Amino acid sequence: MKKNNLFLISFLPALLYWYLEETQTVEIAIIGGLSLAILEIIFEKVFFKHIHSISKLNFIIILILGPISLIGHDGVWFKLQPFFTGLFLSGFLIFNLNQGKSLMLTMMEDMEKKANVPEEIMTKIEYHLAYFLLFNGIFMGYLAIYESTSRWAFFKSIGFYIVFAVFLVLEIILIRREVKKIMLEQMQAQADMIQTHHGGQID
């Protein structure tokens, strides 16, 4: 199992919380969600010898919001984890980009993958990702407060991957358009250089 495959099971605490809330008390549901989040961190550390930064962020937020939910006897705080994660990650991405740093390129280097896309396009994609995370976080906050737990759990799990897949398709279309545009600009620049060079020889 690869390190990044853990993201595929990162929604299990949400599903367990939803199930327990439907069948047990809110307190038991919160404790169950917290317990599974702790087990996920232990699993990642034991089997991968490494805890991913996003896993740490999610765990810290759950560890803060879970006890607040227990004290207030209200599961909405536990369900606001994706809201705060989305706000933090989008703000972090935008801050780094404004500082000339790319989190996506860093993550690709960590996974030993090479970017086949020009850096300027990667920067655009990262800005789009930041806005996607922001709007998704706000949407999850709305679901946590105003909608049912089952609907929240759906978009915290399978629904998120569906929406993210649509986002990726749109980004792939954008990448192709941008790469084509850059190639045409480079070809035009080369043609202008050749024309200028030949013009100088004729003179």
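At roughly what angle do the axes of helix α1 (residues 12–23) and α8 cross, and within what distance do they come? The axes cross at roughly 165° and come within 9 Å. The model shown in every view is predicted.

**Figure 1. Overview of the helices of the protein chain.** The protein chain contains nine helices and zero strands. Read from the N terminus, its elements follow the order α-α-α-α-α-α-α-α-α. The chain has 203 residues, of which 33% count as buried. Among contacts in the protein chain with a separation of 6 or more, 68% are between residues 24 or more positions apart.

**Figure 2. Close-up of helix α1 against helix α8.** Helix α1 covers residues 12–23, and helix α8 covers residues 149–156. With an angle of roughly 165° between the axes, and with angles over 145 degrees counted as roughly antiparallel, α1 and α8 are therefore roughly antiparallel to each other. The crossing in which α1 passes α8 is left-handed. On the α1 side, the contact consists of A14, L15, Y17, W18 and E21, which meet T149, S150, W152, A153 and K156 of α8. By class, the residues of this contact comprise six nonpolar, two polar and two charged.

**Figure 3. Close-up of helix α7 against helix α8.** Helix α7 (residues 119–146) and helix α8 (residues 149–156) pack with their axes 8 Å apart and at an angle of about 155°. That angle makes α7 roughly antiparallel to α8. Here too the crossing is described by its hand: α7 passes α8 in a left-handed crossing. From α7, the residues F139, M140, L143 and A144 meet R151, W152, F155 and K156 from α8. Six nonpolar and two charged residues take part in the contact of α7 with α8, and no polar ones. W152 and K156 of α8 are listed in this contact and also in the contact with α1.

**Figure 4. Close-up of helix α5 against helix α7.** Helix α5 spans residues 81–98, and its axis comes within 7 Å of the axis of α7, with a crossing angle of roughly 160°. The two helices, α5 and α7, are therefore roughly antiparallel to each other. The crossing of α5 past α7 is left-handed. From α5, the contact involves P82, F83, G86, L87, L89, S90, L93, I94, L97 and N98; from α7, the contact involves T123, E126, Y127, L129, A130, Y131, L133, L134, G137, I138, M140 and G141. Sorted by class, the contact of α5 with α7 has 15 nonpolar, six polar and one charged residues. M140 of α7 belongs to this contact and is also listed in the contact of α7 with α8.

Figure 5. The whole structure holds 11 aromatic pairs. One of them joins F132 and F160 in a tilted arrangement, at 6.2 Å centre to centre and with 50° between the planes. This pair links distant parts of the chain, since F132 is in helix α7 and F160 in helix α9 (residues 158–202), 28 residues apart. F132 counts as buried because its relative accessibility is 12%, under the limit of 20%. F160, with a relative accessible area of 22%, is partly exposed. F160 also pairs with Y161, edge-to-face, at 5.6 Å centre to centre and with 75° between the planes. Y161 is partly exposed, its relative accessible area being 29%. Together with F164 and F167, the residues F132, F160 and Y161 form one aromatic cluster.

Figure 6. I41 lies in helix α2, which covers residues 26–48. With a relative accessible area of 15%, I41 is buried. The C-alpha atoms of I41 and N58 are 10.0 Å apart in space, and the two residues are 17 residues apart in sequence. I68 is part of helix α3, which covers residues 53–72. I68 has a relative accessibility of 36% and counts as partly exposed. Between I68 and F78, 10 residues apart along the chain, the C-alpha separation is 7.9 Å.

Terms used
Residues are numbered from 1 along each chain as its sequence is written. This is a predicted model: local features need pLDDT of at least 70, side-chain atom pairs count only at pLDDT 80 or more; totals for chains, interfaces and linings use all residues. Side-chain values use heavy atoms; hydrogens and water are left out. Axes are lines fitted to C-alpha atoms, for helices over the stretch in contact, and angles run from 0 to 180 degrees between N-to-C directions. Helices (H or I, at least four residues) and strands (E, at least two) are DSSP runs, numbered from the N terminus. Angles under 35 degrees count as roughly parallel, over 145 as roughly antiparallel, 65 to 115 as roughly perpendicular and the rest as oblique. A crossing is left-handed if the near helix is turned anticlockwise from the far one by less than a right angle, and right-handed if clockwise. Contact means heavy atoms within 4.5 Å. Ala, Val, Leu, Ile, Met, Phe, Trp, Tyr, Cys and Pro count as nonpolar, Asp, Glu, Lys and Arg as charged, and the others, Gly among them, as polar. Buried means under 20% relative accessible area, exposed over 50%, partly exposed in between (1.4 Å probe, protein chains only). Rings of Phe, Tyr and Trp (its six-membered ring) pair if their centres lie within 6.5 Å; planes under 30 degrees apart count as stacked, over 60 as edge-to-face and the rest as tilted.
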